[in-house]
Amino acid sequence: MFKKNPTSVRLTLRALGYLLSYPDAQLRSVMPQLIDALQAEQALTAERMDELKAVCQHLAALDPLEAEARYVDNFDRGRQTSLHLFEHVHGDSRDRGPALIDLLQTYEKAGLRFEADELPDHLPVVLEFASTQPPAVAKEFLGEMAHILNALFSALVSRNSPYASVIAAVLEVSGQRVQSVALTPEPPMDEVWAEPEAFGGCSTQGQSKPDQPQPLHFVRTPRAERAPEGVSA
């Protein structure tokens with residue numbers, strides 16, 4: 001059951017943001033404290049807390065290199081599971097820049113100065129900011145991103161990632177419904193990063209006799225007709 005009108009979700013939001021950070025040695029060492037922080041505010045259901053405990057146990061049991069590799073596989077290989085929220089909406093379009101500026105201005109209007117290494121739309125950064133706001137403001141702020149969070153949740157579920165439970169917890173503490181949504185298929189990463197061939201592999205398509213040897217024609221230009229000094233034409 002939810003705790004009625006929790007007076008604070010600050011610790012919960014910060015703990016969830018930390019769980020979504022790169023699982024280095026420092027993060028793995030504070031897993032018990034993260035669970036304590038989540039239990040202290042009782043902002044999540046008992047079922048969700050059990051899921052988060054399982055996530056922490058799973059990460060702690062993995063070999064450190066394996067935990068880090070899986071994190072990269074989850075969040076750095078494809079737009080659908082990116083933790084940069086505006087990438088889900090704007091991709092690499094020019095609209096993302098103004099959206100990031102607007103988000104920075106939101107931080108500044110709250111009296112905060114952004115100094116993180118990540119971009120301001122990185123979910124752990126967003127959660128840290130929300131943790132500095134009154135509960136009602138934090139929930140409204142995160143609620144505006146619910147459609148992105150549900151898409152991220154759905155993508156992680158499709159990959160059988162335990163991190164889906166963390167995104168579900170973010171939605172839950174924001175007072176939003178956790179639900180699966182339809183995802184647009186992504187092209188394979190090899191296709192996304194592939195360099196286009198400069199001349200299409202010198203294809204003969206579009207020529208008068210495609211798939212047949214094409215004659216070469218050399219035309220003497222006026223410049224070529226003027227022999228350089230000391231060279232006979």
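## Terms and basis

Ala, Val, Leu, Ile, Met, Phe, Trp, Tyr, Cys and Pro count here as nonpolar, Asp, Glu, Lys and Arg as charged, and the others, Gly among them, as polar. The structure is a predicted model, in which local features need pLDDT of at least 70 and side-chain atom pairs count only at pLDDT 80 or more, while totals for chains, interfaces and linings use all residues. Residues are numbered from 1 along each chain as its sequence is written, and side-chain values use heavy atoms, with hydrogens and water left out.

## Overall make-up

The chain has 13 helices and zero strands. Helices (H or I, at least four residues) and strands (E, at least two) are DSSP runs, numbered from the N terminus.

Of the 233 residues in the chain, 38% are buried. Buried means under 20% relative accessible area, exposed means over 50%, and partly exposed lies in between (1.4 Å probe, protein chains only). Contact means heavy atoms within 4.5 Å. Among contacts between residues at least 6 apart in sequence, 62% join residues at least 24 apart.

## The nonpolar core

A nonpolar core is a set of buried Ala, Val, Leu, Ile, Met, Phe, Trp, Tyr and Cys residues joined through side-chain atoms within 4.5 Å. The largest one has 53 residues, and those with the most contacts inside it are L16, L123 and V126. Helix α11 gives the most to this core, with eight residues.

Leaving aside residues up to four places away in sequence, L123 touches L20, L83, L85, L149, L152 and I167.

The buried residues are L123, P124, V125, V126, L127, F129, A130 and S131.

On a 1 Å grid over the protein atoms alone, a cavity is a set of points where a 1.4 Å probe fits but cannot get out, and a pocket is an open set with protein on both sides within 12 Å along at least five of seven lines; lining residues have an atom within 4 Å of a point. Grid points are joined across faces, edges and corners, and a volume is the space filled by probe spheres set on the points. The second largest pocket has a volume of about 430 Å³. It is lined by 18 residues, of which A116, P124, V125, E128 and F129 are the closest to its centre. The elements that give two or more residues to this lining are α1 (10–19) and α8 (123–131). Helix α8 gives the most, with four residues. By type, the lining divides into eight nonpolar, four polar and six charged residues.

L142 lies in helix α9 (residues 135–143). At 2% relative accessibility, L142 counts as buried. Residues up to four places away in sequence not counted, L142 touches L13, V126, L127, A130, L149 and S174. L142 and V170 are 28 residues apart in sequence, and their C-alpha atoms are 8.4 Å apart in space.

E144 is found in the loop between α9 and α10. With a relative accessible area of 55%, E144 is exposed. Between E144 and Q176 there are 32 residues of separation in sequence and 9.8 Å in space, C-alpha to C-alpha.

## Helix α3

The buried residues of α3 are M31, L34, I35, A37, L38 and E41. Seen down the axis of α3, these residues fall within an arc of 160 degrees, so they line one face of the helix. The arc is that of the directions from the helix axis to the C-beta atoms. An α-helix has 3.6 residues a turn, so residues three or four places apart point the same way. What covers the buried residues of α3 includes α1, α2 (25–29) and α4. On the other side of α3, P32 and A40 are exposed.

Helix α3 is followed by Q42, which is placed in the loop between α3 (31–41) and α4 (46–61). Phi of Q42 is near 50 degrees, a positive value in a residue other than glycine. Q42 is partly exposed, with a relative accessible area of 46%.

N160 is placed in the loop between α10 (146–158) and α11 (164–173). Phi of N160 is near 55 degrees, again a positive value in a residue other than glycine. N160 is exposed, with a relative accessible area of 70%.
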